[in-house]
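Hi everyone, thanks for making time.

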Amino acid sequence: MSSVDTVGVGLVSVGWMGRLHSRAYRALPDHFPELGVQPRLVVAADPVEAARDQAVTRLGYERAVADWHEVLADPAVEVVSICSPNFLHREMAVAAAEAGKPFWIEKPMGRYASDSRQIHEAVQRAGVITSVGFNYRHAPAVERARELVRSGRLGRITNVRGSLLADYSSDPAAALTWRFERERAGSGVLGDLLSHGLDLAQYVVGRIASVSALAETFITERPLPGAGIVDRSAAATGERKPVENEDYAALLFRFEDGAVGTMDSSRVMRGPHAEYTLEVYGTRGSVRWDFQRLNELQVFLDGQEVDGYATHYVAPGDGEFARFQPGAGTAMGYDDLKTIEAAQFVASVRRGEQLAPSVADGLAAASIVEAAEASIADGAWHDVARVDGPVTTDAAAPVM
């Protein structure tokens, strides 16, 4: 990447996440002016004509194409966002690495750990900078929790609890899209939701070393989608087929330092919309965070005046909060987390230093999922494979 102020952006897939990546790039000069970059939205690829039109007319890309290979071949493209469905990730990410293009890819990075390993190996060979969409670790409340844990303020960590409960697939009449097929999605909630929670647990506490798991599919068949529909909002036909991956999963795990944890996830829960929680308990205190209350952290520390949890409202000094709001009580939002993610990615590329969550982090989460699936199959505990490469979970928070 050149040292001039502009950075050429290429986008693969102009869906909801692709639009969000585009907005995040555009927000960089406002929120991270010291990066000294002015993103130039060069080219977006999508097979759907309406999406290509939107890329130009709404998002501001200079042009749009049907074939994603054109994005990688364009010399004006210096960084690439890969926001396609899971079953396309491996081919696109490997090709981006081989083309020497730094890329920002959404999670799960691959359908299976084998996909993620191939991506990781291609990146290791090419030496390109990467980023994986673990956006929840950028929440200022999570950064505050991590600081309390890593500084020893909570004492020795004894146990961790997490849950990722959602209702996006709770309607049994919703169509059977690619997300419910093993060949195209891989796992269900293990990859889609628990990969986020497992990355959070490792980012805040430390490496997960072994796991035991169970899973269940509660809505066992769904109607087929109508023509041309590929995602969650699909209209359905009358014909039905089996759901091939799990609606629910629960994990027991052991951290490398001896702490233990539990985590469960559902995509068919009635009631919660996006209840993503992380609780960390230590010998001197504990913290609790829920994504649905993004800007709050429940904190208990030995010696505090209140006998029980006190609510810490994130404020300047917590993560990157000050870049978005002037004081506690004025909320940040989900899109802001992706702007932080974009900043870490672009800063990583400009410095040639892996600051953003890397494909090694993506493989680390996928390796836990792989061990969990092995446990689901045989009922035993399984060790989690180690990952070589620039895992960032234990690194200091990047300074930008």
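Predicted model: local features only at pLDDT ≥ 70, side-chain atom pairs only at ≥ 80, totals over all residues.

Okay, charges. As a reminder, side chains of opposite charge can pair when their charged atoms come close. How many salt bridges does the structure hold? The count is 27, and I'll pick out a few.

Start with Glu34 and Arg323, which form a salt bridge with their closest N and O atoms 2.7 Å apart. Buried or exposed? Glu34 counts as partly exposed because its relative accessibility is 41%. Arg323 is partly exposed too, at a relative accessible area of 22%.

Next up is Arg137 with Asp199, another salt bridge where the closest N and O atoms are 2.7 Å apart. Arg137 is in the loop between β6 and α6 and Asp199 is in helix α8, so this pair ties together parts 62 residues apart in sequence. Here both Arg137 and Asp199 are buried.

Then there's Arg207, in a salt bridge with Glu256, closest N and O atoms 3.2 Å apart. Arg207 belongs to the loop between α8 and β8, and Glu256 to the loop between β11 and β12, so the pair ties together parts that are 49 residues apart in sequence. Glu256 comes out as partly exposed, since its relative accessibility is 44%.

And some charged residues go beyond pairs: Arg90, Arg111, Asp115 and Glu183 are linked in a network of salt bridges.

Now for a charged residue without such a partner. Arg52, in helix α2 (residues 49-59), is buried yet has no salt bridge. Which side chain of opposite charge is nearest to Arg52? That would be Glu49, 5.0 Å away, and a salt bridge needs the nitrogen within 4 Å of a carboxyl oxygen. What the Arg52 side chain does reach is the backbone oxygen of Pro47, at 3.1 Å. Leaving aside residues up to four places away in sequence, Arg52 touches Asp46, Pro47, Ala64, Val65 and Ala66.

On to empty space. Rolling a probe the size of a water molecule over the atoms shows where empty space is left. I want to show you the second largest pocket, which has about 300 Å³ of space. It has 18 lining residues, and the closest to its centre are Gln202, Arg207, Arg386, Val391 and Thr393. Which helix gives the largest share of the lining? Helix α10 (residues 359-378) does, with three residues.

Let's turn to a few residues and their neighbours. Gln344 lies in helix α9 (residues 334-351) and counts as buried because its relative accessible area is 5%. Its contacts, again leaving out residues up to four places away in sequence, are His138, Leu355, Ala356, Pro357, Pro398 and Met400.

Gln124, in helix α5 (residues 113-126), is partly exposed, at 44% relative accessibility. Gln124 and Val359 are 235 residues apart in sequence, yet C-alpha to C-alpha they are 9.5 Å apart in space. Beyond the residues up to four places away in sequence, Gln124 touches Asp388, Gly389 and Pro390.

Gly319 is in the loop between β16 and α9, and at 41% relative accessibility it is partly exposed. The C-alpha atoms of Gly319 and Glu147 are separated by 9.7 Å, with the two residues 172 apart along the chain. Gly319 touches Pro140 and Glu143, with residues up to four places away in sequence not counted.

Last topic, the backbone. Most residues other than glycine have a negative phi, and most peptide bonds are trans. So where does this chain depart from that? The peptide bond from Lys107 to Pro108 is cis, with omega near -5 degrees, and Pro108 lies in the loop between β5 and α5. Ser13 has a positive phi, near 90 degrees. You'll find Ser13 in the loop between β1 and α1, where it counts as buried because its relative accessibility is 15%.

That's my tour, and I'm happy to take questions.

Methods
Residues numbered from 1 in each chain as written. Heavy atoms only, no water. Helix = DSSP H or I, 4+ residues; strand = E, 2+ residues; numbered from the N terminus. Buried < 20%, exposed > 50% of the residue type's maximum accessible area, 1.4 Å probe, protein only. Lys, Arg positive; Asp, Glu negative; His and termini not counted. Polar contact = N/O pair within 3.5 Å; in protein donor to acceptor, adjacent residues only side chain to side chain. Contact = heavy atoms within 4.5 Å. 1 Å grid on protein atoms, 1.4 Å probe; cavity = no way out; pocket = protein on both sides within 12 Å on 5 of 7 lines; lining within 4 Å. Points joined across faces, edges and corners; volume = space filled by probe spheres on them.
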